[in-house]
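Trainee: Could you walk me through this one while I have it open on my screen? I'd like to start with the rings and then move on to the rest.

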Amino acid sequence: MQCPLLYRFRVIDKLPEKPSEAATRGTLVHAVLERLFDDPAAERTAPRAKAMIPAQWDRLLESKPELTELFAEDADGARLTKWLAEAERLVERWFSLEDPTRLEPVEREFFVETELASGLRLRGVIDRVDVAPTGDVRIVDYKTGKAPRPEYAEGALFQMKFYALVVWRLKNVLPRRLQLVYLGSGDVLTYDPVEADLHQVERKLHALWEAIRLATETGDWRPRPTKLCGWCDHQAVCPEFGGTPPVYPIPLVPAGVAQDEQGRMEPVQQS
């Protein structure tokens with residue numbers, strides 16, 4: 001949805017991308033907020049959460065050694081110290097938005113997967129799932145950036161509606177509330193979905209998958225320039241910046257020809 005060509009570079013070509021400080025800090029903060037709930041409710045305090053950051057950073061480095069590149073030229077450690085301090089501020093801000101001593105999540109970093117009636121398989125990882133005594137389900141997602149302006153809120157909610165659809169199809173339970181917690185700006189965005197919302201998301205996903213399938217067969221992946229291009233690692237191979245994409249690694253389907261389920265070519269009947 002952001003950029004079809006970027007999707008190709010990431011999913012089909014699997015081009016490497018440099019780790020970013022912002023994305024890695026988000027991963028670190030998520031790990032702290034997930035593991036804080038391992039402690040008894042009374043011990044879930046801001047000082048305790050901030051104290052967890054160094055150990056979680058070490059665990060992250062152990063699992064992803066390539067992250068050492070982020071601070072390879074930080075000889076005196078000043079950048080790393082500043083970066084960790086910003087992670088502390090984000091964690092501390094969370095305590096002004098939610099009270100973890102009053103929360104007992106049913107799921108954390110919850111992997112969900114379901115298959116729609118069409119055969120389209122959906123999967124994702126939900127930061128947190130809360131269930132009220134009434135049985136109402138709340139899906140919560142942490143964002144370490146700032147909340148979007150109101151005119152862009154729908155785009156931010158699409159991810160949450162996607163999660164709601166998967167949970168609905170998987171558990172046959174319509175989530176009561178979707179909640180985005182923006183630690184960068186201290187905002188909480190909530191939305192209460194209805195079945196019509198999720199049917200609309202399902203239709204959109206089918207259309208999106210059809211577009212992906214067609215682009216995969218034809219090799220026609222087009223760039224979609226936005227302000228986000230400035231942070232893209234693939235400018236050197238993007239036509240928008242004078243680059244040439246790598247040779248397409250998938251056999252193309254000629255115009256007027258379709259593939260059957262076994263990948264054999266068949267003429268398309270024109271009506």
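Mentor: Keep in mind that this is a predicted model.

Trainee: Is tryptophan 94 buried or exposed?

Mentor: Tryptophan 94 is buried, with a relative accessible area of 0%. Ring pairs also link Trp94 with Phe37, Phe95 and Tyr142 into a cluster.

Trainee: Switching topic, which residues touch the most other members in the largest nonpolar core?

Mentor: That core has 26 residues, and Leu122, Ile126, Ile139, Leu165 and Leu205 are the ones that touch the most other members. Two or more residues come from each of strand S1 (107-115), strand S2 (121-131), strand S3 (137-143), helix H6 (153-171), strand S4 (177-182) and helix H7 (195-218). The most comes from H6, which gives eleven residues.

Trainee: Where does another core lie, then?

Mentor: Another core lies apart from that one and has 25 residues, including Met52, Trp57, Phe71 and Leu90. As a general point, nonpolar side chains in soluble globular proteins tend to be buried together.

Trainee: What is isoleucine 126 in contact with?

Mentor: If you leave aside its neighbours within four places in sequence, isoleucine 126 is in contact with Arg108, Glu109, Phe110, Val112, Ile139, Val140, Tyr163 and Val167.

Trainee: Now the sheet: in what order do the strands come?

Mentor: Five strands form an open sheet in the order S1-S2-S3-S4-S5, with mixed pairing. S1 and strand S5 (187-191) stand at the edges with a single partner strand each, so one side of each has no neighbour in the sheet. From one strand to the next, the twist averages 35°.

Trainee: How many bridges join S2 to S3?

Mentor: Four bridges join S2 to S3, and these strands run antiparallel. Aspartate 130 stands opposite arginine 138 in S3.

Trainee: Last one, which strands does helix H2 lie across?

Mentor: Helix H2, residues 21-35, lies across S1, S2 and S3, and runs at about 105° to S1.

Terms used: Residues are numbered from 1 along each chain as its sequence is written. This is a predicted model: local features need pLDDT of at least 70, side-chain atom pairs count only at pLDDT 80 or more; totals for chains, interfaces and linings use all residues. Side-chain values use heavy atoms; hydrogens and water are left out. Buried means under 20% relative accessible area, exposed over 50%, partly exposed in between (1.4 Å probe, protein chains only). Rings of Phe, Tyr and Trp (its six-membered ring) pair if their centres lie within 6.5 Å; planes under 30 degrees apart count as stacked, over 60 as edge-to-face and the rest as tilted. A nonpolar core is a set of buried Ala, Val, Leu, Ile, Met, Phe, Trp, Tyr and Cys residues joined through side-chain atoms within 4.5 Å. Contact means heavy atoms within 4.5 Å. Two strands pair if DSSP finds at least two bridges between them. Axes are lines fitted to C-alpha atoms, for helices over the stretch in contact, and angles run from 0 to 180 degrees between N-to-C directions.
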